[in-house]
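Work through these exercises with the model open beside you. Try each task before you read its solution.

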Amino acid sequence: MQKPKSSPKPKLVGFQPPAIGEEEIAAVTETLRSGWLTTGPRAAELEKRFADYVGARHTLAVSSGTAALHLALLALRVGPGDEVITSPITWPATANVVVHAGATPVFADVREGDLNIDPADVATLVGERTKAIIPVHLAGQPCDLDPIHALGVPVVEDAAHAAESEYRGRKIGALSDVTCFSLYATKNIAAGEGGLIATDRDDLAEAVQNLRLMRRSHGSLYDISVPGYKANLSDILAAIALCQLDKIPRHTEIRRRHVAAYDAAVAELAGIEPLDRDPRDRHALHLYIIRIDSSRAGGTRDDYQRALGEAGIQTSIHFLPVHRLTWYRERFPDQRSLPVAERAGGEILSLPLSPAHSDEDIARTIDALGCVHAAFTA
Ligand SMILES: Cc1ncc(COP(=O)(O)O)c(C=O)c1O
C-alpha cells in the first residue's frame with residue numbers, strides 16, 4: 001500500500017532569528033585559540049569601538065543589559081528609601097533592577113503614539129525621593145529626552161532596543177548620565193548575552209568598573225574597595241559583538257527594507273497600525289510593533305497571535321505592562337492605573353523582524369497577516 005501523501009509543512013517564520021555568519025564563527029574560533037575565555041583584549045576593543053560609535057567618553061562591557069542597568073543605578077547610589085521613575089511598557093528587568101538596588105519603582109504612563117514614557121506624567125511624579133529616571137526607547141524609537149532632562153534628575157536610559165537610534169540628530173549613548181545597551185540574542189548587536197554601559201561621567205565609569213568585577217589587583221596581592229559583583233563580559237561574546245558592530249550598516253539596510261514592506265502592507269489593513277516613528281529621530285528598527293483595534297480588525301491581539309501562530313508565523317509581545325504583573329501587583333497593590341499603557345498592553349503585537357529574515361519570510365508574514373485579517377473581518 002502506498003503511504004498517504006502528507007501536505008508539506010509550511011516553513012516557520014521565527015520571530016527574531018540571530019543574524020550570525022561565518023565572520024562570527026571565525027571570530028569565536030580565533031578567540032578560543034587565543035586562550036582568552038574571560039574578559040580580555042576583545043572586551044577592551046569592544047568598549048573602545050562602541051565608545052567611538054556612540055560618542056561617549058567611557059563604555060564598560062558587562063554580562064547583560066540587566067546588569068548594565070543594575071550597576072548604573074548602584075553607581076548613582078540609588079538605594080533603600082529612593083524612588084526611580086520608569087515606563088511600564090518594558091521588559092520587567094528595567095523595574096526589577098530598581099528593586100534589586102533596594103529602591104521603589106514608580107511607573108509613569110506612556111504616550112499614545114509610540115508607547116514611550118510620557119514626560120508630562122513623569123513631571124507629576126518627581127519628588128524628594130526621586131533618585132533617577134529610566135526612560136526606555138521602545139522598539140528603537142527614542143523617548144522625548146529634552147523634557148526629561150529638564151527635570152534635573154539623573155537619567156539612566158534603557159537603550160536595549162536603541163543601539164542605532166538618534167534623538168534629534170544626536171546618537172543615543174552620550175545624552176544622559178548613563179545609557180545601558182543589551183547584547184542579548186535578539187538585539188541589533190547580538191552577542192547572545194551581554195551589555196554595554198556608556199557614560200561621559202568619570203565618577204560613574206569608575207564606580208561601575210569597581211562593581212562589575214570583584215577582583216582588583218595591587219601587585220601580587222589584591223584588595224577590594226567595594227563588595228563588587230561578577231558581571232564582566234567574556235572575550236568570546238565580545239568577539240561576536242565586534243562582528244555585529246561591523247555589520248550594522250548591512251543589517252540596517254535589511255531592516256529598512258523589511259519595515260518598508262510591513263508599512264505598505266499594514267496601511268491596507270483596517271484596525272491595524274504600527275507604532276509612531278518620529279521623523280525627527282533615527283529609529284533603530286529593532287522591533288515592528290503593530291496595534292490591533294479589535295472593533296475594526298475583527299479580532300483581538302490574542303486572536304491574531306493565535307491565528308498567525310497556526311499559519312507558522314512566530315510573533316511576540318513588547319510588552320505587557322510591568323505594574324500589572326503578579327509580583328508588582330501584589331507588592332504594590334495601591335498603584336494608580338495607567339490607562340494608556342494598560343489598553344496598549346492588550347493591543348500590541350510584534351511581527352518577525354531580523355536581518356536574518358529573507359524578503360520571502362517577510363512576504364509570507366504579510367501574506368499570513370492579510371489572510372487572518374480577511375478571515376476576521378469577513
Ligand atoms: C527594554 C529592555 N530592557 C532591558 C532588557 C534586559 O537586557 P538583557 O536581556 O541583556 O539583560 C531587555 C531585554 O532583553 C529589554 O528589552
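## Exercise 1: the largest pocket

The lining of the largest pocket takes at least two residues from each of α3, α4 and β8 (178-182). Keep in mind that this is a predicted model.

**Task.** Describe the largest pocket: what is its volume, and which residues lie closest to its centre?

**Solution.** 
1. Start with the volume. It is about 510 Å³.
2. Next, find the centre. The lining has 28 residues, and the closest to the centre are Trp91, His161, Tyr184, Thr186 and Lys187.
3. Sort the lining by class. It holds twelve nonpolar, 13 polar and three charged residues.
4. Check the domains. Domain 1 (22-246) and domain 2 (248-377) each give at least three residues to this lining.

## Exercise 2: helix α4

**Task.** Take α4, one of the elements that supply the pocket lining.

**Solution.** 
1. Locate the helix. α4 covers residues 93-100.
2. Apply the cut-off: buried means under 20% relative accessible area. Ala93, Thr94, Ala95, Val97 and Val98 are buried in α4.
3. Recall the helix geometry. An α-helix has 3.6 residues a turn, so residues three or four places apart point the same way.
4. Look past the helix end. Glycine 102 follows α4, and its phi is positive, near 90 degrees.

## Exercise 3: the cavities

**Task.** How many cavities of 30 Å³ or more does the whole structure hold? Explain where the largest one lies.

**Solution.** 
1. Count them. The search finds two cavities of 30 Å³ or more.
2. Take the largest cavity. Its volume is about 100 Å³. Its lining has 15 residues, and Ala139, Leu275, Arg277, His283 and Leu287 are the closest to its centre.
3. Class the lining of the largest cavity. Ten residues are nonpolar, two polar and three charged.
4. Domain 1 (22-246) and domain 2 (248-377) both give residues to its lining, so it lies between them.
5. Turn to the second largest cavity. It holds about 80 Å³ of space. Of its 15 lining residues, Ala19, Lys187, Arg255, Ser354 and Pro355 are the closest to the centre.
6. Class the lining of the second largest cavity. It has seven nonpolar, six polar and two charged residues.
7. Check the domains again. Domain 1 (22-246) and domain 2 (248-377) each supply at least three residues to the lining of the second largest cavity.

Key. Residues are numbered from 1 along each chain as its sequence is written. This is a predicted model: local features need pLDDT of at least 70, side-chain atom pairs count only at pLDDT 80 or more; totals for chains, interfaces and linings use all residues. Side-chain values use heavy atoms; hydrogens and water are left out. On a 1 Å grid over the protein atoms alone, a cavity is a set of points where a 1.4 Å probe fits but cannot get out, and a pocket is an open set with protein on both sides within 12 Å along at least five of seven lines; lining residues have an atom within 4 Å of a point. Grid points are joined across faces, edges and corners, and a volume is the space filled by probe spheres set on the points. Ala, Val, Leu, Ile, Met, Phe, Trp, Tyr, Cys and Pro count as nonpolar, Asp, Glu, Lys and Arg as charged, and the others, Gly among them, as polar. Domain bounds come from an automatic or database domain assignment. Buried means under 20% relative accessible area, exposed over 50%, partly exposed in between (1.4 Å probe, protein chains only). Helices (H or I, at least four residues) and strands (E, at least two) are DSSP runs, numbered from the N terminus.
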